[in-house]
Amino acid sequence: MIHDSRERYGALTKLLHWSMALLVFWQLLKFGDRIADGEHWVGQTLVPWHISIGSLMLLLILLRLAWAAGQRHHRPQPDPAQAMLVKAGHGALYLGLLLMPITGVMVMLGGGYGVKPFGIEIFAKSEEIAWAKALGQLHSPIAWILTVLIVGHVGMALIHHFVKRDDTLKRML
C-alpha cells in the first residue's frame, strides 16, 4: 500500500524516510573530511559527492514535505500525552533537512563557486555574493544541530522498540 494508514506508514513514506536516512548518513561522513584534511578513503571517495547528494536531498525533502502534508490525516497518531513533543521533534528534523541543502547552496553561491550537482550546472561560477556567504555560514552549525536531532530521533525509536515495546518503530519498517 503506497498511502499511510492509522496503523502503518505507506510504501512511499517508508521509501522517502529510509532513502533520506541513508543519504543523511552519507552526508554526515563530511565530518570525517575534517580529519587529516580529508586525506583518507572517506574524504577522497564519498565526500566529493557531498554537493550532488545535498542537491538530491533538497528535492527529496520537498517531495517528502508535500507527501507528508497530503498524508497528515492518514498517519499513525502519537500518544496524546506526547503528541506536541513528537510534532515538535519531527518539525525540527524536517526544518533541519530543508535548511541544510539551502545553506549549502548559499555556501557555494556565496563563495562564487556555482552549483553543479551530478555534472549539471544549476548556477554558474560568479563573483562572491556577500549575503549568500553570510547565510552559508549557518550550514555547519545547522549540521551539528541536525546531528543531535537525528541521534535523539534514533534514540527515541529504539526506546519505543526496546523499552516501551510498542509498534512505533515497526510502523516505519
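Reply: Arg 75 sits in the loop that joins α3 and α4 (helices are DSSP runs of H or I with at least four residues, and strands are runs of E with at least two, numbered from the N terminus). The model is predicted, so local features need pLDDT of at least 70 and side-chain atom pairs count only at pLDDT 80 or more, while totals for chains, interfaces and linings use all residues. Residues are numbered from 1 along each chain as its sequence is written, and side-chain values use heavy atoms, with hydrogens and water left out.

Despite its place in a loop, Arg 75 has a relative accessible area of 14%, so it counts as buried (buried is under 20%, exposed over 50%, partly exposed in between, with a 1.4 Å probe and protein chains only). Beyond its neighbours within four places in sequence, Arg 75 is in contact with Asp 4, Ser 5, Arg 6, Tyr 9, Thr 13, Trp 67, Ala 68 and Tyr 94 (contact means heavy atoms within 4.5 Å).

Now to the helices on either side of that loop. The axes of α3 and α4 come within 9 Å and cross at roughly 145° (axes are lines fitted to C-alpha atoms, for helices over the stretch in contact, and angles run from 0 to 180 degrees between N-to-C directions). Their crossing is left-handed, a term for a near helix turned anticlockwise from the far one by less than a right angle, with clockwise being right-handed. Ala 68 of α3 and Tyr 94 of α4 are among the residues making the contact. By class, that contact has 13 nonpolar, 1 polar and 1 charged residues (Ala, Val, Leu, Ile, Met, Phe, Trp, Tyr, Cys and Pro are nonpolar, Asp, Glu, Lys and Arg charged, and the others, Gly among them, polar).

Helix α3 (residues 50-71) also packs with α1 (residues 11-28), at an angle of about 155° and with the axes 10 Å apart. That makes α1 roughly antiparallel to α3 (under 35 degrees is roughly parallel, over 145 roughly antiparallel, 65 to 115 roughly perpendicular, the rest oblique). This crossing is left-handed. Thr 13 of α1 and Trp 67 of α3 are among the residues in the contact, which has 13 nonpolar, 5 polar and 1 charged residues.

On to the partners of α4: this helix packs with α6 at about 155°, axes 9 Å apart, which means that α4 is roughly antiparallel to α6. Here too α4 passes α6 in a left-handed crossing. Residues of α4 including Leu 93, Leu 97 and Met 100 meet residues of α6 including Ile 142, Ala 143 and Leu 146. The classes there are 11 nonpolar, 6 polar and no charged.

Helix α6 (residues 139-163) has 25 residues and reaches 35 Å from its first C-alpha to its last, close to the 36 Å expected (1.5 Å times one less than the number of residues). Its buried residues are His 139, Ile 142, Ala 143, Leu 146, Thr 147, Ala 157 and His 160, and the elements covering them include α1, α3, α4, α5 and α7.

Just after α6, Arg 165 takes a positive phi of about 55°. This arginine lies in the loop between α6 and α7 and, at 67% relative accessibility, counts as exposed.
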